[in-house]
Amino acid sequence: MVESTPSPTPSRANNGFVLYLASTIMFVVYLIWAFIPDSILYYFGLTYLPQKYWAIAVPIYGMVLLFVFVMFFYPCINMSLTPVRDSPNVMIDSFSLSDKKETVPGGIPSACDIPISTVCEMLYLKNKKL
């Protein structure tokens with residue numbers, strides 16, 4: 001069983017290098033196709049290529065789709081994954097630490113999450129005695 005870690009491995013480095021080369025070559029081919037006139041491409045026997053319109057249209061359509069995703073779908077996905085305000089999951093989750101350990105008087109308390117009732121008490125009821 002192979003453990004999934006973000007550390008670099010030889011196979012991951014090889015895959016990254018191949019992907020880097022492939023994307024660079026594809027970008028250079030795209031630029032050649034977009035900027036060299038059709039007459040020169042026909043001279044080299046490249047006659048079955050898309051119209052030059054698509055050299056501009058595809059990146060623009062891609063950017064419009066990215067904009068729509070970022071401005072509409074991404075916030076909708078985040079809102080659908082956010083619990084409602086009344087849910088206890090807003091304040092407590094599986095990573096919350098409760099203060100269960102007793103500390104030595106004058107010692108440093110253990111790291112824990114402060115309950116929301118204590119926070120509200122300290123923030124809003126502090127000056128109630130005045």
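A salt bridge is a side-chain nitrogen of Lys or Arg within 4 Å of a carboxyl oxygen of Asp or Glu. Keep that rule at hand for the first stop.

**Before you start**

This is a predicted model, in which local features need pLDDT of at least 70, side-chain atom pairs count only at pLDDT 80 or more, and totals for chains, interfaces and linings use all residues. Residues are numbered from 1 along each chain as its sequence is written, and side-chain values use heavy atoms, with hydrogens and water left out.

**Stop 1: Asp38 and Lys52**

Select Asp38 and Lys52. They form a salt bridge, and the closest N and O atoms are 3.8 Å apart. Asp38 lies in helix α2 (residues 38–43) and Lys52 in the loop between α2 and α3 (53–81), so the pair ties together parts that are 14 residues apart in sequence. Helices here are DSSP runs (H or I, at least four residues), strands are DSSP runs too (E, at least two), and both are numbered from the N terminus. A search of the whole structure finds 1 salt bridge.

Now colour by accessibility. Buried means under 20% relative accessible area, exposed means over 50%, and partly exposed is in between (1.4 Å probe, protein chains only). Asp38 is partly exposed at 35%. Lys52 is partly exposed as well, at 25%.

**Stop 2**

What does the chain look like over residues 17–36? The model makes this range 95% helix and 0% strand, with end C-alpha atoms 28 Å apart. Over residues 56–77 the chain is 100% helix and 0% strand, and the end C-alpha atoms are 30 Å apart.

**Stop 3**

Show the side chains of Phe27, Tyr30 and Trp33. Ring pairs link these residues into a cluster. Rings of Phe, Tyr and Trp (its six-membered ring) pair if their centres lie within 6.5 Å; planes under 30 degrees apart count as stacked, over 60 as edge-to-face and the rest as tilted. By this rule the count comes to 6 aromatic pairs.

Zoom in on Tyr30 and Trp33. Their ring centres are 6.0 Å apart and their planes stand at 55°, so the pair is tilted. Both sit in helix α1 (residues 10–35), 3 residues apart, or about one helical turn. Are they buried or exposed? Tyr30 is partly exposed at 28%. Trp33 is buried, at 14%.

**Stop 4**

Jump to Phe72 and Phe73. Here the ring centres are 5.0 Å apart and the planes are at 75°, so the pair is edge-to-face. Phe72 is partly exposed at 48%. Phe73 is also partly exposed, at 43%.

**Stop 2: along α3**

Where does α3 bend? The bend is at Phe69, by about 40°. A bend at a residue is the angle between axes fitted to the seven residues ending there and the seven starting there.

Next, check the length. The 29 residues of α3 should span 42 Å at 1.5 Å a residue, and its end C-alpha atoms are 40 Å apart, which agrees. The expected span is 1.5 Å times one less than the number of residues.

**Stop 3: from α1 to Ala55**

Select Leu31, Phe35 and Ala55. Leu31 is in helix α1 and is partly exposed at 30%. Leu31 and Ala55 are 24 residues apart in sequence and 8.7 Å apart in space, C-alpha to C-alpha.

Phe35 is in helix α1 too, and is exposed at 67%. Phe35 and Ala55 are 20 residues apart in sequence, with 9.1 Å between their C-alpha atoms.

**Stop 7**

Move to the loop between α3 and α4 (116–124), where you find Pro115. Pro115 is partly exposed at 46%. From Pro115 to Val58 is 57 residues in sequence and 52 Å in space, C-alpha to C-alpha.

Ser94 is in the loop between α3 and α4. Ser94 is exposed, at 68%. Ser94 and Thr5 are 89 residues apart in sequence and 22 Å apart in space, C-alpha to C-alpha.

**Last stop: the domains**

Zoom out and colour by domain. The chain is divided into domain 1 (12–48), domain 2 (50–82) and domain 3 (93–100 + 108–129). These bounds come from an automatic or database domain assignment. Taken over C-alpha atoms, the centres of domain 1 and domain 3 are 60 Å apart.
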